[in-house]
Amino acid sequence: MMVKALQFQLYRWSWKPLTSISISSSLSLFPQFPNNNHNPFLNAAVTPRFAPFRASSSSSSSAAVPANVRSIKFCQWCGGSTKHDIPDGEEKFRAICTVCGRIAYQNPKMVVGCLIEHDNKVLLCKRNIQPSHGLWTLPAGYLEIGESAVEGAIRETREEANADVEVISPFAQLDIPLIGQTYMIFLAKLKRPDFSPGPESSECQLFPLDDLPFNSLSFSSMVVTLSLYVEDIKAGKPKFHYGTIMKRPGTSPSDINAYTLDYHMHT
């Protein structure tokens, strides 16, 4: 479907004065709610040739691999075994194929989705898959190769909520370095007031802003996104937000309180 080009102007970056904001203590970031049901708190024709791998002289094959480097045992191109080392001219450990010499670079994944408002309510889906089975989320999922972020957000909304939407503007970009994800959430509206659960959802429901299920949200990214949205609506106008969600190491994805929001900026 055709998607109108998004035009938005960044008027002014406003930095929060803290670089590590504890969500549990930041009363100005997340509004208080009246009852305990609310928690304020991303076959080629020609085979390329690769030069033999040479480890950097500053590294050692016996050096310990950092904990944030995912272990890759086999090459995704030729199936050969890999070694983890620092390639010549680089500074980070990589998985290098011992057969073809290719380096497996690990890059973050982008999650795209829509924050849909209809009649002063927000559309949420109850997850029918793991992780966070049975918890509420905005319709969102991984961006696919060959589609834009807007196209991916529209597709995920259709798949999870059987809803056709028009994207209005970007709302939030949230980086989560610990799990290698970046969330891009767009404000959107329903083209028709029709929606129903898709295969990955067990239920879809419109929630008033003062009755959002903050204690039953699926991920910290959903808590941050919806809290920022409620704050913006109370202030009179949605903004565009950027922030880094710093997850506490060792916590599960469904632990929605084990994080801080750093480097929060907005227009």
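**Entry 1. Conventions and overall content**

I take helices (H or I, at least four residues) and strands (E, at least two) as DSSP runs, numbered from the N terminus. On that basis I count two helices and 14 strands in the chain.

I note that this is a predicted model, in which local features need pLDDT of at least 70 and side-chain atom pairs count only at pLDDT 80 or more, while totals for chains, interfaces and linings use all residues. Residues are numbered from 1 along each chain as its sequence is written, and side-chain values use heavy atoms, with hydrogens and water left out.

**Entry 2. Confidence**

I looked up pLDDT, the predictor's confidence in each residue, from 0 to 100. The average for the chain is 81, and 74% of the residues score at least 70. Over residues 1-62 the pLDDT is below 50, yet this stretch has 125 contacts in the model beyond near neighbours in sequence; a contact means heavy atoms within 4.5 Å. Where pLDDT is low, the predicted coordinates should not be read in detail.

**Entry 3. Surface and burial**

I call a residue buried under 20% relative accessible area, exposed over 50%, and partly exposed in between (1.4 Å probe, protein chains only). Of the 267 residues in the chain, 45% are buried.

**Entry 4. Strand 10 and its partners**

I then followed strand 10 (residues 165-176), where nine of the 12 residues are buried. I treat two strands as paired if DSSP finds at least two bridges between them. Strand 11 (residues 181-190) runs antiparallel to strand 10 and is joined to it by 10 bridges. In this pairing, Q173 stands opposite M184. Four residues lie between the strands of this hairpin, and G180 takes a positive phi near 65 degrees there. With strand 13 (residues 241-247), strand 10 pairs in the parallel sense over four bridges. Here L174 stands opposite G243.

I found an open sheet of three strands in the order 3-4-5, with antiparallel pairing. Strand 3 (82-85) and strand 5 (103-104) each have a single partner strand and stand at the edges, so one side of each lacks a neighbour in the sheet. Four bridges join strand 3 to strand 4 (residues 94-97), and K83 stands opposite I96 in strand 4.

**Entry 5. Nonpolar cores**

I define a nonpolar core as a set of buried Ala, Val, Leu, Ile, Met, Phe, Trp, Tyr and Cys residues joined through side-chain atoms within 4.5 Å. The largest has 31 residues, of which L115, V122, L124, L212 and L226 touch the most other members. Strand 6, strand 7, strand 10, strand 11, helix 2 (220-235) and strand 14 (259-266) each give two or more residues to this core. Helix 2 supplies the largest share, seven residues. A second, separate core of 19 residues includes A163, V165, V167 and C204.

I checked V122 for contacts, not counting residues up to four places away in sequence; among them are L115, L138, F207, L226 and Y229. T225 is found in helix 2 and counts as buried because its relative accessibility is 0%. With the same exclusion of residues up to four places away in sequence, T225 touches L115, L138, F171, L174 and I185.

**Entry 6. Backbone details in loops**

I recorded a cis peptide bond between Q130 and P131, with omega about -5 degrees. P131 lies in the loop between strand 7 (121-127) and strand 8 (136-137).

D119 has a positive phi near 55 degrees, in a residue other than glycine. D119 is in the loop between strand 6 (109-118) and strand 7, and counts as exposed because its relative accessibility is 60%.

N162, also a residue other than glycine, has a positive phi near 45 degrees. N162 sits in the loop between helix 1 (149-161) and strand 10, and at 41% relative accessibility N162 counts as partly exposed.

**Entry 7. Cysteines**

I searched for disulfides, defined as pairs of cysteine sulfur atoms within 2.5 Å, and the structure holds zero. For C97, the nearest cysteine sulfur is that of C78, 3.5 Å away. C97 counts as buried at 4% relative accessibility, and C114 counts as buried at 0%.
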